[in-house]
Amino acid sequence: MVVEPRLLLVELLREELNLTGTHIGCDTSYCGACTVLLNGASVKSCTVFAVQAHEGEVLTVEGLARNGELHPIQKAFSENHGLQCGFCTPGLLMSTAYLLSKNRHPSESEIRKAVAGNTCRCTGYQNILKAIRAAADLMGADNKVKPNAD
Amino acid sequence: MYPSAFRYHRAGSLREAVSLLSELGEDARALAGGQSLIPLMKLRLARPAALVDLNFISGISHIRRNESGIFVGTLARHAEIAASEIAGTIPILHDCAAGIADAQVRNRGTIGGSLAETDPSGDWAPVLLTLSTEVRCMGPKGERTIPLADFIVDAYTTVMERAELVQEIIVKIPPKNSGGAYLAFKRCPSVYASASAAVQLTMLDRDSCQDARVQLGCVGLTPVRATEAEAELRGKVLSPRAIQSAADAAMAAADPQPDMRGSVEYKCVLVGALLKRAIEIAIRRSRGERVEVGHEYTGRN
């Protein structure tokens, strides 16, 4: 597909590809709601041009569930009330996916540092941290984050 | 938010990027990690007519070491430097890389981009200025290697000419009996620090300091070298009193602007307190102790 150079990755996802799971929160590279994985690394998709994802692999929140089954990270957030209004959740899920792809058994401090770039305006951080700990436990040994078949 | 329209060029090599920037003229900009440039473009504070993307160039993200120095490619991301065992052999490099902004920004932002931008609140410059650091640049007239202290001219200003790019950062390995530390305090993770202090000590023995380098960040238009603070440490036994004298001298050397990050008084007190702790940690590291420090903010632990 051909895009205008100034199109941001988040706008490509939301407006052109109708993948509206990735949210625009602050639009100023602060809040992390738009976090996706670009070639396996978490990035703020409001601060990357779509053309920069050329020939790359982008994993959004839509790519976590498989065959209608929630990803363990999503289950952990659901079971631990890791969301209130849910607006920041897609970004937090992707930051957690990135963390657990790099670090199977993160410490409390490592978890906090890993999601420091994700702002929850409901301030539901305690349950978010609890959900991430639960996700790490749920995924156990096999916690490589894989995209679904779509 | 959409930036102004621009022409996009994907460079295949640094040489090609230099040629493109030369041809495209004054309104063209190089795009490295984009974590400062893209927000500026979205707010239309920057409206380059053309961007030359460096992100698809291979061979400029290396982190290598030989017996004399560490060589970091311009496109090395902060996260790559934070994860690098080679960079970790100089702990102050890890202090800096691991705490810049947040995980997502560290995955994109680059050391070359940070130095080329020379934001007064940037983290890399004060850290690298406590070490012997040179910047290798490539421009239309060829390559040149510039000591970092000469590379930085003013806020957002380097000696680089139009179409000249940072190619590599060369850091001399400090002597064995030395230790350094970088402490930055920020209001929250994703922002620039309110103040920061970087120190590198070369020790004569357990308690006596042979040489010291002190740089303060965010308290001037460029990093502030606190030479009076260095003099309080150099050739001295590093007693609590000597460390306090150095911190007092640093507070006097700081020349911050009041802004939403704090008043002049606040930033001076903050930079003194950071330096005091940085010196204590540098001493412990010079003795071989492993200490984890870096960026601090409320809620980290």
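User: Two strands pair if DSSP finds at least two bridges between them. With that settled, what is the order of the 5 strands in the open sheet of chain B?
Analyst: First, the ground rules: this is a predicted model, where local features need pLDDT of at least 70 and side-chain atom pairs count only at pLDDT 80 or more, while totals for chains, interfaces and linings use all residues. Residues are numbered from 1 along each chain as its sequence is written, and chains are lettered from A and ligands numbered from 1 in the order in which they are written. Strands (E, at least two residues) and helices (H or I, at least four) are DSSP runs, numbered from the N terminus. The pairing in this sheet is antiparallel, and the order reads 4-5-10-6-7.

User: What angle does helix 1 of chain B make with strand 10 of chain B?
Analyst: Start with strand 6 (133–139) of chain B, which is joined to strand 7 of chain B by 6 bridges and runs antiparallel to it. Helix 1 of chain B packs on the sheet, touching strand 6 and strand 10 (165–172) of chain B. Axes are lines fitted to C-alpha atoms, for helices over the stretch in contact, and angles run from 0 to 180 degrees between N-to-C directions. On that scale, helix 1 and strand 10 of chain B make about 135°.

User: In what sense do strand 2 and strand 3 of chain B pair?
Analyst: Strand 1 of chain B is joined to strand 3 of chain B by 4 bridges and runs parallel to it, with B:Arg10 opposite B:Asp53. Strand 2 (28–31) of chain B also has 4 bridges to strand 3 of chain B, and B:Ala28 stands opposite B:Ala50. The sense of pairing between strand 2 and strand 3 of chain B is parallel.

User: Is B:Leu54 buried or exposed?
Analyst: B:Leu54 sits in the loop between strand 3 (50–53) and strand 4 of chain B. B:Ala30 is 24 residues away in sequence, yet 6.9 Å from B:Leu54 in space, C-alpha to C-alpha. The cut-offs count other C-beta atoms, placed from the backbone, within 10 Å: 20 or more is buried, 12 or fewer exposed, and in between partly exposed. B:Leu54 has 25 of them, so it is buried.

User: How many residues does domain 2 of chain B bring to its contact with domain 1 of chain B?
Analyst: Bounds come from an automatic or database domain assignment, which gives domain 1 (7–53), domain 2 (63–172) and domain 3 (178–296) in chain B. The C-alpha centres of domains 1 and 2 of chain B lie 19 Å apart. Residues are in contact if their C-beta atoms, placed from the backbone, lie within 7 Å. Domain 1 of chain B supplies 12 residues, and domain 2 of chain B supplies 17.

User: Which element gives the largest share of the side of chain B that touches chain A?
Analyst: The contact involves 24 residues of chain B and 24 residues of chain A. Strand 1 (7–10), helix 2 (37–42) and helix 6 (103–108) of chain B each give two or more residues to that side. With 5 residues, the largest share comes from helix 6 of chain B.

Key. Two residues are in contact if their C-beta atoms, placed from the backbone, lie within 7 Å.
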